[in-house]
Amino acid sequence: MKNYALTIKTKEQEGVLGEITDIISKFGINISYVHVYVEQVEFGTVNLELDDVDDIDKLIAELETLDSVVELECHGSLNDIFGKRIIIFGGGAQVSAVASGAIAEADRHNIRGERISVDTIPLVGEDNISEAVLALSRLPRVKALVLAGSLMGGKIADAVRKLKSEKDLVVITLNMPGRVTDEADLIVTDPTQAGVMAVMAIANTAVFDVKRLKGNNKF
């Protein structure tokens, strides 16, 4: 059995997703990820990632019998293409420095077969950052969060604590005032080094284990 990803262009009408999932369920296949959106006025797109597929050709043939299905494409999953994700939030200059370190380090590991992608967004304000942190629980493939700022606490610290209770990921912060450092797995003073260590913490091709630094996690 293998894992596959399907992109299905459909007519934009009621019940389309139910028809598709009913067929997939009949094959005993698990849907690990689904993204549905309206591409044009009359058409929509369903992206599916499927686990434990025994006969992909038979599944595709049956899906194509649906009147609502316009086109169907089988391709690699987002995990195969983009891999693990590192997310960086915080002030613009610090975010760019963290990203620089993360991208340079990810390049070294990706050359050796890893797939690690780096996403950044400069954000300021307690409400904006805490909202973004909480949204990560709904974002797939996130394995590390780096908070790059000068002062973070309050709602941000509460959001990080809640996120860690819902999602298995590494949280790295810069060395800054505020309660958010109490919730971090690792506190790093240099922004570039924070990006490097975020990649090392999640890469299978690295020999760095954040859990072994408990009680001595400030650099």
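Which residue in strand 3 is the bridge partner of K9? In this model, which is predicted, the partner is T45.

Four strands make up an open sheet, in the order 2-3-1-4, and the pairing is antiparallel. Which strands stand at the edges? Strand 2, residues 30-38, and strand 4, residues 69-75, do; each has a single partner strand, so one side of each is left without a neighbour in the sheet. On average, neighbouring strands here are turned by 15° against each other, with direction ignored.

Two helices lie across these strands. Helix 1, residues 16-26, lies across strands 1, 2 and 3, and runs at about 15° to strand 3. Helix 2, residues 56-63, lies across strand 1, strand 3 and strand 4. The angle between helix 2 and strand 1 is about 10°.

N47 is placed in strand 3. Its side chain makes a polar contact of 2.8 Å with the side chain of T7. If we leave aside neighbours within four places in sequence, the contacts of N47 are L6, T7, Y33, V34, H35 and Y37.

On aromatic pairs I can be brief: a search of the whole structure finds zero.

Last, backbone angles. Most residues other than glycine have a negative phi. D52, in strand 3, is not a glycine, yet has a positive phi of about 60°. R141 is not a glycine either, and its phi is positive at about 70°. Where is R141 found? R141 is in the loop between helix 5, residues 126-135, and strand 7, residues 142-148.

Are these two buried or exposed? D52 has a relative accessible area of 45%, so it counts as partly exposed. For R141 the value is 19%, and the cut-off for buried is under 20%, so R141 counts as buried.

How values were computed: Residues are numbered from 1 along each chain as its sequence is written. This is a predicted model: local features need pLDDT of at least 70, side-chain atom pairs count only at pLDDT 80 or more; totals for chains, interfaces and linings use all residues. Side-chain values use heavy atoms; hydrogens and water are left out. Two strands pair if DSSP finds at least two bridges between them. Axes are lines fitted to C-alpha atoms, for helices over the stretch in contact, and angles run from 0 to 180 degrees between N-to-C directions. Contact means heavy atoms within 4.5 Å. Rings of Phe, Tyr and Trp (its six-membered ring) pair if their centres lie within 6.5 Å; planes under 30 degrees apart count as stacked, over 60 as edge-to-face and the rest as tilted. A polar contact is a pair of N or O atoms within 3.5 Å; within protein, one must be able to donate a hydrogen and the other to accept it, and residues adjacent in sequence count only if both atoms are side-chain atoms. Buried means under 20% relative accessible area, exposed over 50%, partly exposed in between (1.4 Å probe, protein chains only).
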